[in-house]
Amino acid sequence: MTFYRAAAPEALRIVPLDALTLVYHRASGITHIVDSPVPEILETLASRPLSAPDLLARLAERFDLVDADPHALAVRLDELAAVGLVERLCAI
């Protein structure tokens with residue numbers, strides 16, 4: 001099973017800006033302009049690594065999601081991992 005964790009807190013500078021959020025990734029020097037649910041995903045994964053199903057359950061519980069889409073979350077996690085905001089961890 002694959003687990004995910006957010007990049008280390010010192011590697012990110014997260015600044016809410018009205019409806020959007022700016023995420024500066026120090027390692028790449030890139031500022032990402034993101035919308036919900038990215039800030040919520042990063043916040044949830046900051047405390048400890050989670051599998052995609054566990055992350056979806058926490059997000060659904062915290063934000064009262066009724067029709068949470070596991071495929072959409074998997075796609076978003078792949079995007080975040082590709083740009084270095086989230087790291088994939090493989091359990092042994």
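Setting aside residues up to four places away in sequence, His32 is in contact (heavy atoms within 4.5 Å) with Thr21, Leu22, Val23, His25, Val83 and Leu85. The model is predicted, so local features need pLDDT of at least 70 and side-chain atom pairs count only at pLDDT 80 or more, while totals for chains, interfaces and linings use all residues. Residues are numbered from 1 along each chain as its sequence is written, and side-chain values use heavy atoms, with hydrogens and water left out.

His32 belongs to strand β4 (residues 30-34); helices (H or I, at least four residues) and strands (E, at least two) are DSSP runs, numbered from the N terminus. His32 counts as buried because its relative accessibility is 14%, where buried means under 20% relative accessible area, exposed over 50% and partly exposed in between (1.4 Å probe, protein chains only).

Next comes the sheet. Three strands make up an open sheet, ordered β5-β1-β6, with antiparallel pairing; two strands pair if DSSP finds at least two bridges between them. Because β5 (50-51) and β6 (86-90) are at the edges with a single partner strand each, one side of each has no neighbour in the sheet. Between β1 and β5, which run antiparallel, there are two bridges, and Tyr4 sits opposite Leu50 in β5.

Helix α1 lies across β1, β5 and β6, at about 105° to β1. Helix α3 also packs on the sheet, where it touches β1 and β6, and its direction makes about 105° with that of β6. Angles run from 0 to 180 degrees between N-to-C directions, and axes are lines fitted to C-alpha atoms, for helices over the stretch in contact.

How do the two helices meet? The axes of α1 (residues 38-47) and α3 (residues 70-82) come within 12 Å and cross at roughly 75°, which means that α1 is roughly perpendicular to α3 (65 to 115 degrees; under 35 is roughly parallel, over 145 roughly antiparallel and the rest oblique). Val38, Ile41 and Leu45 of α1 meet Leu73, Arg76, Leu77 and Leu80 of α3.
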